[in-house]
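Please keep the sequence and the coordinates open while reading.

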Amino acid sequence: FPMENNITFISTVPGLSSVKDVVPRPSSKALPKWWVDTPLIPHGMSIYDTEGGNVKTCPSFPDYFSQGIVIPMWTDVILSYQGEPNLWFWRTPDKQFEWSSHSGEQFLDHVPFEYKGLKAKFVFKAICPWRIITPPGYSCLQLPLFYHDTNDFAVLPGIIDTDRLHQLNQQVLYLSDEKEIFIKRGTPFVQYFPFKREKD
């Protein structure tokens, strides 16, 4: 289905695009609860006077939340990782929704990675049922959801030339100290910002 700016999403799973809580949406339709609940304090700030105003009147936040596209988690999923003896598995309610992994040799053995001060323990790979198609010369910046409330997982950032490569298989950091985590269907999962490349 088409979205703004000639960006098109195609599902590899029949009928998924008709399930309202899992379809990709503008970031402004997937706002974190704390942002929605924060009262708007009238702007009274100046370069010399910091009284008045709050995060809702700071230009960077409203602009950030109004840009990009959020893909919600498309199915309930349980991810599990146990450091010793390096056991991992995933479970979903339907075999159409699969996951894989990136071994330590592929990433974590080379990068002592932390996110929000939390050490990454393992990298799962989501086999995403959505494809992105952008106009010629456009790519997408892939980002974790910085302001959403989870310390269990985070998607790794990257850039995909979505005018040529349409498949999205997000690399997902396992951050929790628990032996398994549950990601509920419809949970905001990953954010994409389309942009025009300066050159190919």
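Buried means under 20% relative accessible area, exposed means over 50%, and partly exposed lies in between, with a 1.4 Å probe and protein chains only. The model is predicted, so local features need pLDDT of at least 70 and side-chain atom pairs count only at pLDDT 80 or more, whereas totals for chains, interfaces and linings use all residues. Residues are numbered from 1 along each chain as its sequence is written, and side-chain values use heavy atoms, with hydrogens and water left out.

Gln170 counts as buried because its relative accessibility is 0%. Its place is the loop between β13 (158-160) and β14 (171-174), where strands (E, at least two residues) are DSSP runs numbered from the N terminus. The side chain of Gln170 makes a polar contact with the side chain of Tyr192 at 3.0 Å; such a contact is a pair of N or O atoms within 3.5 Å, of which, within protein, one must be able to donate a hydrogen and the other to accept it, and residues adjacent in sequence count only if both atoms are side-chain atoms. With contact taken as heavy atoms within 4.5 Å, and residues up to four places away in sequence not counted, Gln170 touches residues including Trp74, Phe124, Cys128, Gln142, Phe189 and Tyr192.

**Cysteines**

How many disulfides does the structure hold? The structure holds zero disulfides, a disulfide being a pair of cysteine sulfur atoms within 2.5 Å. Cys128 is buried, with a relative accessible area of 2%, and its sulfur is 12 Å from the closest cysteine sulfur, that of Cys140, which is too far for a bond. Cys58, at 30% relative accessibility, counts as partly exposed.

**Strand pairing**

Two strands pair if DSSP finds at least two bridges between them.

| Strands | Bridges | Residue pair |
|---|---|---|
| β4 (77-82) and β15 | four bridges | Val77 and Ile183 |
| β6 and β9 (122-126) | four bridges | Ser100 and Lys125 |
| β11 (138-143) and β16 (188-196) | six bridges | Tyr138 and Lys196 |
| β11 and β13 | three bridges | Leu141 and Ile159 |

An open sheet is formed by four strands in the order β6-β9-β14-β12, with antiparallel pairing. Because β6 (99-102) and β12 (153-155) stand at the edges with a single partner strand each, one side of each is left without a neighbour in the sheet. Neighbouring strands of this sheet are turned against each other by 35 degrees on average, direction ignored; the axes are lines fitted to C-alpha atoms, and angles run from 0 to 180 degrees between N-to-C directions.

Strand β15 (residues 180-183) has a covered face, made of Ile181 and Ile183, and an uncovered one, made of Glu180 and Phe182.

**Nonpolar cores**

A nonpolar core is a set of buried Ala, Val, Leu, Ile, Met, Phe, Trp, Tyr and Cys residues joined through side-chain atoms within 4.5 Å. The largest one has 33 residues, and Trp74, Trp99 and Phe189 have the most contacts inside it. Among the elements that give two or more residues to this core are β3 (69-72), β4, β10 (130-133), β15 and β16. Apart from this core lies another of eight residues, including Ala120, Ala154, Leu173 and Leu175. Leaving aside neighbours within four places in sequence, Trp99 is in contact with residues among them Met73, Val77, Trp90, Phe124, Val172 and Phe189.
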